[in-house]
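Please examine the sequence and the model shown below. The paragraphs that follow lead through a selection of its features.

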Amino acid sequence: MEGLYFNINNGYLEGVVRGYKSGLLTTNQYVNLTQCDNLEDLKLQLSSTDYGNFMANYSGPLSTSVLQDNLSKKLFQQFQYVKSQSSGKLTKFMNYINYGYMIDNVILMITGTLHERDKSEILRKCNPLGWFDTLPTLSIATDIESLYSTVLIDTPLAPFFKNCVSADDLDDLNIEIIRNKLYKNYLESFVEFVTSEFDGPDQEIMIRLLTLEADKRVINITLNSLNNSDLSSEDKLSLFPSYGKLYPTYHLQLSQAEDIEQLKSIVEYIGDYKDIFNESGDASGLRGLGDWFYLLEMQFCRNAFTQQFTLSTVYAWLKSKEQEIRNITWIAECIAQNQKNRIDSYISVY
Amino acid sequence: MTEIQSQLDKKTIELLILIDKYENVVNNNYRTNFINGFVNLSKANYEHTGRGFERRYGVDSLDLRPRLACLEVNEEFHLVDLQQKTKKEEKREQMESSLKNRKTKQTKSKSSGVEEFEEDKVKDPMLQFGGIVPYQLRQSQAFFKKAIENSLEVVKLQQEIDTLIQEIEKLR
């Protein structure tokens, strides 16, 4: 049924997004990139792809961070083009995508201010996908309660602050807790939006992607706080999004896990995630974990394009483009550090 | 004459052994620890669970507030881990005070906590990058710590080689 009325409002934009998708780098193009000897070569190779003359206006010394900044500017331009022409449900959907980046920017501002870094420097590092007008005013950060009542209550992030506002001092661990709680609320709200507003293949694709995101966060929080005695298991449990294949059965056990073996045994209950610790089963054991999740996400994104008349192609394209920028940055780092033996750990599915 | 000759030989052999040790440390450990540290840092940046590209782990996101160092070189030219030292002292204090007034213990630690902690506590520099960091960043920190130990060894060896060379020249 979605095919009947979709093209009236969203036909052009779906066409544009599919055009962007066909400009994503393929495996052969990645192989060409890995054979570059220095960053100038890399820039030259990239100019023959969809990125074109993305560094035409830059004349200083080339470094991987400069490269990454310019690549992400291109991503932002494309996203803005689609968003400025969107209407109705698609605009709301793209707003939801923006909220995730807004959370990152808020935390970046607060952290940067506490670390006594220069305000203009912090603003330059903020992700343009998460920009909102009152972001610069967050540099008056003293505690989260006053920030919320003066600045954040008027932003679209206000509803995500329930259970996050407390009178505790802002130190590094508390900021991390706030970040994760905000993201948990955001993810749950996003899932609610998708279940109520989307239907058919759209809903199916988005639910699959958001489930993976939720489970990925749970596993990463557990893994990265295994030896951290400052975070209690109740705190950890409050950071897990109430969604995903691991919810609700395994969240309690995961929050109480104390070593990697326990984590492995719990995660292996879920059929889809059984391989994540097996594939990388060498002495370091964990090398492939992040890569494995990214690979799964990319496969879901690639499959999302097989359905027509869906809004989820925007999300799938955005995630794929982000992964592409991550890949190119990794290749650039390996070239710059002369570590070509590790250059093949990028992820390419197209 | 022969005594001087044998001393010279002995010192030359010592010098050669030291130079071999030096090459070993510099090429096999010092270099590779730095390389692995940087590679793991790039990997942490690649895989960090943030959604933006703000290069969360790097020179741009350091905490610029003044704070105490975690590693110190003492008079015997050994590396002292001040974090472990303060942790042990804190444990000892806790054990001692728990035997005394239990009621007053809590209020005492709260009032002195706020002022002393900011200045005297030695914090893990990892915390400036966030409370929960990827394991690659921890691996990177471990490699860089080893590299610091290696650099201490390198400096020691350099000094010993220099003194030996001076002694050999004197004997000649």
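Asn338(A) is found in the segment that follows α14 of chain A; helices here are DSSP runs of H or I with at least four residues, strands are runs of E with at least two, and both are numbered from the N terminus. Phi of Asn338(A) is near 60°, a positive value in a residue other than glycine. Asn338(A) is also exposed, with a relative accessible area of 63%, where exposed means over 50% relative accessible area, buried means under 20%, and partly exposed lies in between (1.4 Å probe, protein chains only).

Some conventions apply throughout. The model is predicted, local features need pLDDT of at least 70, side-chain atom pairs count only at pLDDT 80 or more, and totals for chains, interfaces and linings use all residues. Residues are numbered from 1 along each chain as its sequence is written, chains are lettered from A and ligands numbered from 1 in the order in which they are written, and side-chain values use heavy atoms, with hydrogens and water left out.

Further backbone features of chain A may be considered next. Most residues other than glycine have a negative phi, and most peptide bonds are trans. Phe309(A) has a positive phi near 60° although it is not glycine, and it lies in the loop between α13 (289–304) and α14 of chain A. A cis peptide bond, with omega about -10°, joins Tyr247(A) and Pro248(A). Pro248(A) belongs to the loop between α10 (233–239) and α11 (251–255) of chain A.

Helix α5 of chain A covers residues 88–114. Its 27 residues should span 39 Å at 1.5 Å a residue, and its end C-alpha atoms are 39 Å apart, which agrees; the expected span is 1.5 Å times one less than the number of residues. Of these 27 residues, 21 are buried, so α5(A) is largely enclosed by the rest of the structure. Just after α5(A), Glu116(A) takes a positive phi of about 60°.

The charged side chains form another theme. Side chains of opposite charge can pair when their charged atoms come close. A salt bridge is counted when a side-chain nitrogen of Lys or Arg is within 4 Å of a carboxyl oxygen of Asp or Glu, and a search of the whole structure finds 14 of them over all chains. In helix α14 (residues 312–336) of chain A, Glu322(A) and Lys319(A) lie 3 residues apart, about one turn of the helix. Their side chains meet in a salt bridge with an N to O distance of 3.7 Å. Glu322(A) is buried at 3% relative accessibility, and Lys319(A) is buried at 5%.

Helix α9 (residues 200–224) of chain A holds Arg208(A) and Glu204(A), 4 residues apart, again about one turn of the helix. They form a salt bridge of 3.1 Å, N to O. Arg208(A) is partly exposed, with a relative accessible area of 31%, and Glu204(A) is partly exposed at 46%. Elsewhere in chain A, a network of salt bridges links Asp104(A), Glu176(A) and Arg179(A).

In chain B, the side chains of Arg65(B) and Asp63(B) meet in a salt bridge of 2.9 Å, N to O. Arg65(B) is partly exposed at 27% relative accessibility, whereas Asp63(B) is buried at 12%. Asn33(B), in helix α1 of chain B, is buried, with a relative accessible area of 8%. Its side chain makes a polar contact of 2.6 Å with the side chain of Asn150(B); such a contact is a pair of N or O atoms within 3.5 Å, and within protein one must be able to donate a hydrogen and the other to accept it, while residues adjacent in sequence count only if both atoms are side-chain atoms.

How do the two chains meet? In all, 33 residues of chain B are in contact with 54 residues of chain A, contact meaning heavy atoms within 4.5 Å. The area buried between them is about 3,800 Å², of which carbon and sulfur atoms give 49%; buried area is the accessible area (1.4 Å probe) that two parts lose on being put together, summed over both. Between the chains there is 1 salt bridge, and Asp291(A) forms a salt bridge with Lys43(B), the closest N and O atoms being 3.7 Å apart.
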